[in-house]
Amino acid sequence: MPILKTLQEKVRRLIQDFFLENREDAEGSAPSLAELDLSKVQVDIAREAAHGDVTTNAALLFAKNFRCSPPSLAKRLVAVIGTWPEIAQVDVARAGFINMTLKPHFWLNELQNIVALGENYAKSSPNGQKINIEFVSANPTGPMHTGHVRNAIFGDALAALFEKVGYSVYREYYINDSGNQVECLARSVYLRYKEALGHTLPPGAFQGDIYPGDYLIPVGEALVQKDGERWLQAPESAWLPYFKEFSVQAMMDLIRHDLAELGVVMDCYSSEKAQIEKGKLAEALAILEKNGDIYTGVLTPPKGKAIDDWEARPQTLFRATKYGDEIDRPLKKSDGSWTYFAGDIAYHLDKYQRGFTRLINVLGADHCGYVTRLKAAVQAVTQGRAELNVNLFQIVNFFENGQPVKMSKRAGNFITSQDVVARVGKDATRFMMLTRHHGTVLDFDFEKVLELSQENPVFYVQYAHARICSVFRYAATVFPDLTEERVRALGKTGTTNAQNLSAAEISVLRCLSLWPKVVEQAALHQEPHRIPSFLCQVAGEFHSLWNQGKSDLALRFIDAHNKEATQEKLFLLSGVAAILRDGLKLIGIRPVEEMR
RNA sequence: GCACUCGUAGCUCAGUUGGAUAGAGCGUUGCCCUCCGAAGGCAAAGGUCGGACGUUCGAAUCGUCUCGAGUGCACCA
């Protein structure tokens, strides 16, 4: 178990023991166990060296329960903590913090853990809980563009995080293949079909509700290849359903390809159309109907937004206000067909029926007005048994030579996922997209991402890993048998001397030991950006240690005259590399062994 | 008008489920390659954590109000 976790549990147990003793001593006025929220006990790496290695707030939390001041409770706790085998020194600090310094032996032990466990160091055992993460869900009307890229990478990283902390995660994509847009798509493809047959289209043919993008040209050509002139003279009613089906397939192939390029693999693609055909919509509506959540009413026009063709009319509404929404929401359009929202309710019911009670959606910030009604619907249709969580992410601004790159999907000249990946590669794209909190606007500068400097976090982290590999390559020229594999084996069997660990090296180990907690917290808060952030910190620790070796010969990694010392240093580097690799892997990035 | 998100150093951003004297990079200033990758490091300067009140041992973090920015606001998806 990671050292921080071990100590946290020991401190918690200590508090509990104190409580039990107290209860016997002071009958009646003793604290009640329910008052002790042991989960609030924190054991952290001290931020400052003056505070030792590890610090806990336990005495501050429970002084009141024990009817004494924090320092005096701390003093009593310290008397016991000082007897623990891990502890070299323990003090009561200002306000009642307890600061501990570990025996070097336990830092070495932690390093052995890190190296031996590798990707299991920060991994929790399965907790038996299922999570469904729906993300990307880009409309099947074109290739993925930049917004979808952030969505895909965020969602995928979030899924990986949940897996890491023990959940069984299901990655899911919702295909909106039943709405108006798909008809527009089919008509757009029909134009390309005619083009492919040599017809010259009238000017302005690609205006209005038509997707003008070039990516539909091959789809038209494919239809000619397949069916020849068969649809040329046919009425729209004859070709439309067929073109819809074919075009959606083609677009989903494009999107699957784009996702694969980003390293994203879905467990399932759910079709809106299939849901409806399966009768899910009717089922969902029946549930709502039964609970009195559907009625016919008239909505008032929204304030602050001028709508030309507003018309008050009776509509089929979902009683969203019953579940905390501002207004009730329409389920039927003016033409009598069901709204997107209605279909989405059915889809979420389906997820619930497939055994998911924990649902996560990743949506663009432009969907912020949709969140409350969807949560309301999930509550209504599952009787509150499923919980939906929506993560909204902000837009990405692309820069080229410091100039913003404009894009407009209407015109069909948007930046696609492929553009980005072709330019900077999958790994850099993934890393950059995760460097910022998803709720903040992200600036993506093509030059900066490719820059080989510390200003580029991708490079900075990869460089640290490559540098470690470089050390191992060099070491092999001095001591041919000191391969990384051999160093790990030697370190594991404990030939390393803990007393040789310097303060600088322990500082690195303190940083590494935070890894399990970083993962846990990142998953808890659904904030994958904490991973790249931490990796930068680890890289910084390593680069710093390297440079300290310039002035302090004792800190150099390779000493040609002392194989044993070299082996010990390399063992530490192996630990650093293990964390870097695990972290990069978690966010779907392959560590490089050499910078090119 | 309402809802959601975000306001931290000159700029771009971290900030460990509330914790000690708020941290990085860039930029500015000054250092470090006879030495494993200087593609790096060290140091200095730079802050009313948008503002006000509140909650408590303790607030950048939680609550209320307020100012500013972004996004969205019947039937689209």
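At roughly what angle do the axes of helix 6 (residues 180–196) and helix 8 (residues 236–261) cross? Select the two helices in this predicted model, and you will find that their axes come within 8 Å and cross at roughly 95°. Because angles of 65 to 115 degrees count as roughly perpendicular, helix 6 is described as roughly perpendicular to helix 8. To see the contact itself, show the side chains of Val-182, Glu-183, Leu-185, Ala-186, Val-189 and Tyr-190 on helix 6, together with Trp-239, Leu-240, Phe-243, Lys-244, Ser-247 and Val-248 on helix 8. Coloured by class, the residues of this contact divide into 9 nonpolar, 1 polar and 2 charged.

Next, select strand 11 (residues 358–364), which pairs with strand 5 (residues 130–134) in the parallel sense over 3 bridges; here Asn-132 stands opposite Leu-359 of strand 11.

Finally, zoom out to the whole of chain A, whose secondary structure comes to 21 helices and 15 strands and whose C-alpha trace spans about 85 × 70 × 40 Å along its principal axes. Of its 596 residues, 38% count as buried, and among contacts between residues at least 6 apart in sequence, 73% join residues at least 24 apart.

Notes
Residues numbered from 1 in each chain as written. Chains lettered and ligands numbered in written order. Predicted model: local features only at pLDDT ≥ 70, side-chain atom pairs only at ≥ 80, totals over all residues. Pairing = 2+ DSSP bridges. Helix = DSSP H or I, 4+ residues; strand = E, 2+ residues; numbered from the N terminus. Buried ≥ 20, exposed ≤ 12 C-beta atoms within 10 Å, placed from the backbone. Contact = placed C-beta atoms within 7 Å. Axes fitted to C-alpha atoms, helices over the stretch in contact; angles between N-to-C directions. Parallel < 35°, antiparallel > 145°, perpendicular 65-115°, else oblique. Nonpolar A, V, L, I, M, F, W, Y, C, P; charged D, E, K, R; others polar.
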